[in-house]
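Please open the structure in your viewer and keep the selection tool at hand. The stops below go from a pocket to a single side chain and then to some aromatic rings.

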Amino acid sequence: MENKARSLRAGYNGELALDFPLSFLLDEQYLIFYYLRLSDASGSFQMDTLILSTNFMLIIEAKNMKDHVIYNDMGQTIRIENEKEQAYTNPVDQVNLQHLRLLRWIRQFKFPTIPIEKIVVYTNPKMLLKNQSNDKSLSEKVMHKEKILSKIDEFAATHTSKCLTENQLMELSYQLTSAHTPKEEKVMEKYDVYFEELRKGVICPKCKSMPMRWHKAKWFCEHCHKVSKTAHKHALSDYALLISDYINNRQARELLQLESLYVAKRLLQKECVEQFGVKSGRKYKLDFRKLLNE
């Protein structure tokens with residue numbers, strides 16, 4: 001799970017690294033969509049970045065890797081890190097498949113034909129790219145992020161004819177955003193972990209010890225003596241992300257390691273956005289964004 005988390009975090013940071021160069025694109029000329037996930041007859045597919053204009057579309061597959069990445073003559077992508085080789089799915093094949101699926105998805109709306117370009121962008125400037133294949137067009141599709149703006153300018157110079165009107169562009173944008181379906185993954189089921197196996201209690205925001213003890217309307221850490229009025233928010237947000245958006249008083253007391261039904265009720269009423277039911281059947285709706293942002 002830690003390896004998977006590191007991989008996801010690296011990918012996310014790589015995609016964020018594109019924000020800066022893409023911020024120089026003119027708003028009136030380009031529309032930019034991040035993490036767009038669409039459904040088709042084969043399931044779902046997601047694009048890291050999709051750029052729309054009236055003249056062409058561009059799919060960007062972002063990669064954040066260290067050390068060496070080699071494209072060999074067998075069509076493989078090999079990453080060398082700490083002198084160890086590891087084979088990866090060829091991102092050019094990935095983005096080509098995204099191109100095909102996006103093209104088929106758009107056709108259902110009867111829009112005029114519009115060119116779809118695609119590139120693979122590596123966001124770590126210190127990473128060394130090597131092309132050992134016989135594919136001379138690879139350098140046109142694979143690049144570091146520093147080249148992305150000049151590449152977009154190159155596409156704009158190539159595609160000089162308008163394929164979509166402004167109204168059609170807005171309609172396509174609407175269809176894309178309406179069809180976007182974020183992936184909802186049940187993490188506990190995926191890794192075969194049960195609620196009973198989780199460590200319960202409030203984690204100290206200073207020393208990370210647990211559980212903190214509720215005393216005189218505050219959380220108190222017996223290890224570093226940190227005092228907090230809001231440390232329970234992270235425990236509740238963890239519950240919302242891992243278990244369920246809904247929690248009752250008994251579950252909250254078990255999670256927060258509280259003995260008092262009244263204290264648990266008071267904290268839930270304060271932190272939860274909605275309540276449903278009465279007495280022992282009452283449930284509270286958790287919003288992890290609200291809990292983490294305040």
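Begin with the lining of the second largest pocket in this predicted model, whose residues divide into 20 nonpolar, 4 polar and 6 charged. The space in this pocket comes to about 670 Å³, and if you select I203, H234, A235, D238 and L242 you will have the residues that lie nearest its centre, out of a lining of 30. Now colour helix 7 (187–190), helix 8 (232–242) and helix 11 (288–293), each of which supplies at least two residues of that lining; helix 8 gives the most, with 6 residues.

Next, select K63, which lies in strand 3 (residues 57–63) and, with a relative accessible area of 17%, is buried because the cut-off for that term is under 20%. Its side chain makes a polar contact, at 3.2 Å, with the side chain of E61. Beyond the neighbours within four places in sequence, show P91, Q94, V120, V121, Y122 and T123, with which K63 is in contact.

Finally, turn to the aromatic rings, among which the whole structure holds 10 pairs. Select Y12 and Y35, a tilted pair with 6.3 Å from centre to centre and 35° between the planes; this pair links helix 1 (residues 2–16), where Y12 sits, to strand 1 (residues 31–40), where Y35 sits, across 23 residues. Y12 is partly exposed at 44% relative accessible area, and Y35 is also partly exposed, at 26%.

Technical notes
Residues are numbered from 1 along each chain as its sequence is written. This is a predicted model: local features need pLDDT of at least 70, side-chain atom pairs count only at pLDDT 80 or more; totals for chains, interfaces and linings use all residues. Side-chain values use heavy atoms; hydrogens and water are left out. On a 1 Å grid over the protein atoms alone, a cavity is a set of points where a 1.4 Å probe fits but cannot get out, and a pocket is an open set with protein on both sides within 12 Å along at least five of seven lines; lining residues have an atom within 4 Å of a point. Grid points are joined across faces, edges and corners, and a volume is the space filled by probe spheres set on the points. Helices (H or I, at least four residues) and strands (E, at least two) are DSSP runs, numbered from the N terminus. Ala, Val, Leu, Ile, Met, Phe, Trp, Tyr, Cys and Pro count as nonpolar, Asp, Glu, Lys and Arg as charged, and the others, Gly among them, as polar. Buried means under 20% relative accessible area, exposed over 50%, partly exposed in between (1.4 Å probe, protein chains only). A polar contact is a pair of N or O atoms within 3.5 Å; within protein, one must be able to donate a hydrogen and the other to accept it, and residues adjacent in sequence count only if both atoms are side-chain atoms. Contact means heavy atoms within 4.5 Å. Rings of Phe, Tyr and Trp (its six-membered ring) pair if their centres lie within 6.5 Å; planes under 30 degrees apart count as stacked, over 60 as edge-to-face and the rest as tilted.
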